[in-house]
Amino acid sequence: MIEVIKEKDDDSFRFSLKAESGSVLLTSALFQNEGEVSRIVQSLGILQGKRNAFERKTNHDGQFLFHLKNVNGEVIGTSQSYRSEAGMENGIKNLKKRILDLASSDQLQLP
C-alpha cells in the first residue's frame, strides 16, 4: 500500500510505501505537489530493478539504512534503521518484492 501524506506546516507531500502487514518499508523525501509524488510512485517499478538505485548507509548510531534514488541519483526515499547489515539487505529485498507485487496489481497508480 502507498499512503500519500500532506505535510501540515507547508504545501509539500510525501508518501510511505507499506508492507502488507502495515509496517513502513520506505518513507519518501518531500515533494512540492501530488503530481510529482505520482510520477515518482509510477517510476518505482523501474527503479527497484536498478542496481545503483539503493544506497546503503550507516547512521551516527552505527545502525544501517538505505536510500532509494531516482535515475538522476537524487534520494527519493529512506528506509527505517536496521541493527545489522543483514537486516538492511533483507529490508531492500522486501521493498523490491513489495514494489513488484504492487506493480503487478496496478497499485503504483495514485487516484
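**Stop 1: the core**

Select Phe 15, Leu 17, Leu 44, Phe 66 and Leu 95: of the 25 residues in the largest nonpolar core, these touch the most other members. A nonpolar core is a set of buried Ala, Val, Leu, Ile, Met, Phe, Trp, Tyr and Cys residues joined through side-chain atoms within 4.5 Å; buried means under 20% relative accessible area (1.4 Å probe, protein chains only). Strands S2 (13-18), S3 (24-28) and S5 (64-69) and helices H1 (34-47) and H2 (85-104) each supply at least two residues of this core. Helices (H or I, at least four residues) and strands (E, at least two) are DSSP runs, numbered from the N terminus.

This is a predicted model: local features need pLDDT of at least 70, side-chain atom pairs count only at pLDDT 80 or more, and totals for chains, interfaces and linings use all residues. Residues are numbered from 1 along each chain as its sequence is written, and side-chain values use heavy atoms, with hydrogens and water left out.

**Stop 2: Leu 95**

Which residues is Leu 95 in contact with, leaving aside its neighbours within four places in sequence? They are Leu 17, Leu 25, Leu 26, Phe 54 and Phe 66, where contact means heavy atoms within 4.5 Å.

**Stop 3: helix H1**

Now select H1, where Val 37, Ser 38, Ile 40, Val 41, Leu 44 and Leu 47 are buried. The buried residues of H1 pack against strand S1 (2-6), S2, S5, strand S6 (75-78) and H2.

**Stop 4: the sheet**

Finally, show the strands: six form an open sheet in the order S1-S2-S3-S6-S5-S4, with antiparallel pairing. S1 and S4 (54-58) are the edge strands, and each pairs on one side only. Two strands pair if DSSP finds at least two bridges between them.

Technical notes
Buried < 20%, exposed > 50% of the residue type's maximum accessible area, 1.4 Å probe, protein only.
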